[in-house]
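Hi everyone, thanks for coming along today.

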Amino acid sequence: MIVETEEELAALKDIGRICATAIERMAAALEPGITTLELDNIGRAFLELNGAQSAPEVTYRFPGATCISVNEEVAHGIPGDRVIAAGDLVNIDVSAEKNGFFSDTGASFAVPPVTSKVRRLCRDGKRAMWTGINQVKPGGGFSAIGNAIGDFARKNRYSLIQNLASHGIGRSLHEEPSELSTWPDKSERRIIAEGQVFTVEPFLSLGGEWAEEEDREWVLYSVPQALTVQFEHTIVATRNGPLVLTMGDGAGG
């Protein structure tokens, strides 16, 4: 999608804020003893209250309003009866639609007490995402995003999951430009257009390089198995730099 009107931009900002605030509400409730389904219900209720609907449900019939991935799960974790425990690493990914516009955002949270290594992984996962976002400019190459994130990961001794990519978004959940690498990719030669809408979502890991399904449909695990975090924003490339659409209201619970 290329943003062409102020009305389109306002609609994208609206659904972006809703997705981001849903994560804030879910994160505020994240504590030992809560189940992933209970967390999902908080996100679902907030989306519905704001006139939005879950994008993975309506697009792919995903069995949940949100994706909640715990510890060994890298992505597409299915909400259910799994109980969150102290020390868990939890990724929450919320994508939704409202009035024909879509947005997508995600963040990883460590449930205290956790090791300093896990705290650093969460901190650096967010830093890796912003390192990529800061490369966005109309006329620049999409390759700059993956190159910068790759440099960050290498310097800080992390790996990147290299088959879970960023993507275009706007009028649908996944659209062109598709498969935007958040790792160095010599084959990437596409150019960023002014007004283009897409995500930036690196998966930073303590050793994982790929994500694969095992015994459960949808759920992806790292190969080799390693703790992995994901942070994601939906952005618009503007002449003034990247405009982040998925900023919440900061209200927490």
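Let me begin with a word we will need: a strand, here, is a DSSP run of type E with at least two residues, and strands are numbered from the N terminus. Please also keep in mind that this is a predicted model.

With that word in hand, let's find T228. Its place is in strand β13, which covers residues 228–230. Is T228 buried or exposed? Buried means under 20% relative accessible area. T228 has a relative accessibility of 6%, so it counts as buried.

What does the side chain of T228 do in there? It makes a polar contact with the side chain of S205, at 2.9 Å. The side chain of T228 also reaches the backbone oxygen of A226, at 3.1 Å. If we leave aside neighbours within four places in sequence, the residues in contact with T228 include V74, L89, L121, I161 and F203.

Now let's move to a helix, α2, which runs over residues 36–49. It has 14 residues, and at 1.5 Å a residue they should span 20 Å; the end C-alpha atoms are 20 Å apart, so the two values agree.

Which residues of α2 are buried? They are T36, L39, D40, G43, F46 and L47. Looking down the axis of α2, these buried residues fall within an arc of 125 degrees, so they line one face of the helix. On the other side of α2, E48 and L49 are exposed. And what covers the buried residues? The cover includes α1, β1, β2 and β4. Just after α2 comes G51, with a positive phi of about 75 degrees.

Finally, the nonpolar cores. The largest one has 32 residues, and among those with the most contacts inside it are L12, L47 and V90. Which element gives the most? That is α1, with eight residues.

Take V90 as an example. Not counting residues up to four places away in sequence, V90 touches L30, I68, I84, A107 and F109, among others. There is also a second, separate core of 29 residues, which includes A107, V118, L121 and F152. Two of those names have come up already: A107 is touched by V90, and L121 is in contact with T228.

That's my tour, and I'm happy to take questions!

Definitions and conventions. Residues numbered from 1 in each chain as written. Predicted model: local features only at pLDDT ≥ 70, side-chain atom pairs only at ≥ 80, totals over all residues. Heavy atoms only, no water. Core = buried A, V, L, I, M, F, W, Y, C linked by side-chain atoms within 4.5 Å. Buried < 20%, exposed > 50% of the residue type's maximum accessible area, 1.4 Å probe, protein only. Helix = DSSP H or I, 4+ residues; strand = E, 2+ residues; numbered from the N terminus. Contact = heavy atoms within 4.5 Å. Expected span 1.5 Å × (residues − 1). Arc of directions from axis to C-beta. Polar contact = N/O pair within 3.5 Å; in protein donor to acceptor, adjacent residues only side chain to side chain.
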